[in-house]
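Colleague: I'm new to this one. Can you walk me through a few spots in it?

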Amino acid sequence: MNGKIQSEDWNLIIKGHTSLFDVKFKDLWNYRDLLFLFVKRDFISFYKQTVLGPLWFFIQPLFTTIVFTFVFGNLARISTDGLPQQLFYLSGITAWNYFSDCLSKTSTVFRDNAAIFGKVYFPRLIMPLSIVVSNLVRFVVQLLLLVTMMVYFAMQGANFHVTYAILFFPLLVVLMALLGLGLGLIITAMTTKYRDLSFLVTFGVQLLMYGTTVIYPLSAAPAKYKAIIELNPMTGIIEAFRYAFLGKGEFTVWSISYSVIVTLIVLFLGIIIFNKTEKNFVDTI
């Protein structure tokens, strides 16, 4: 080679995106080990200085269920479709927490990791994807809590049952993850210029929960608001989730199809906007 380095000696060439649709999925697969390192980092850093550690996985949904049962079940006396109040609220909380965690943590990924993004190359989508995977661990633990409570109430003779819709469970998990990811990508890209959005995320997610069937069934929603509530793609997902595990909820092909379509559109827009912003976000954040 006469001391010269030929282009074929390199196995990686870093260059700017040629188009908005240049996502480089192959690079995501090549950097899969980095993804799992980020997942491990998130898990360790979050619980490193806590006394109870991973027990917070159980404590948070359990205490939220107790509060919801007291406030919405006993004081407000909101219908739970004949289901035990604890199971009704915990099922909604379990599904909602996974979606909201994916959304909230992805929405700050640029701001929280600006130092890393500015120093070393790796596919930027690896970071938000690692958030989705690390939150999946928490979701599985909370799901085990739900199943444990289902066994307990079944032994007490409670009226609920698992339905055929449990076969759609993997699809529901994927929809929750991708919808949270897509919305988070859009927000984190926008916060590079409009930082005020980061302050609205937590508040907005909380408000969105009340527009979803977490604390009330769709059947109990007033007729004039029902159509608006159904426009929220998480409504169909949570209703299907509840129907799958407890046998109560408005599960239809239309509601799931609508959630799938909206999720794909949001994810598509999120990836495009994220892809466009990541090239110069370090200069603006």
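**A buried threonine and some rings**

Modeller: Let's start with Thr-263, which is found in helix 12 (residues 253–277). Helices here are DSSP runs of H or I, at least four residues, numbered from the N terminus. This is a predicted model: local features need pLDDT of at least 70, side-chain atom pairs count only at pLDDT 80 or more, and totals for chains, interfaces and linings use all residues. Residues are numbered from 1 along each chain as its sequence is written, and side-chain values use heavy atoms, with hydrogens and water left out.

Colleague: Is Thr-263 buried or exposed?

Modeller: Thr-263 counts as buried because its relative accessibility is 1%. Buried means under 20% relative accessible area, exposed over 50%, partly exposed in between (1.4 Å probe, protein chains only).

Colleague: And what does Thr-263 touch?

Modeller: Leu-175, Leu-178 and Leu-179, leaving aside residues up to four places away in sequence. Contact means heavy atoms within 4.5 Å.

Colleague: Switching topic: how many aromatic pairs does the structure hold?

Modeller: It holds 16. One of them, Tyr-152 with Phe-153, is edge-to-face, at 5.3 Å centre to centre and 85° between the planes. Rings of Phe, Tyr and Trp (its six-membered ring) pair if their centres lie within 6.5 Å; planes under 30 degrees apart count as stacked, over 60 as edge-to-face and the rest as tilted.

Colleague: How are Phe-241 and Phe-245 arranged?

Modeller: That pair is tilted, 4.9 Å centre to centre with 40° between the planes. Phe-241 and Phe-245 are 4 residues apart in helix 11 (residues 233–246), so about one helical turn separates them. Both are buried.

Note on methods
Helices (H or I, at least four residues) and strands (E, at least two) are DSSP runs, numbered from the N terminus.
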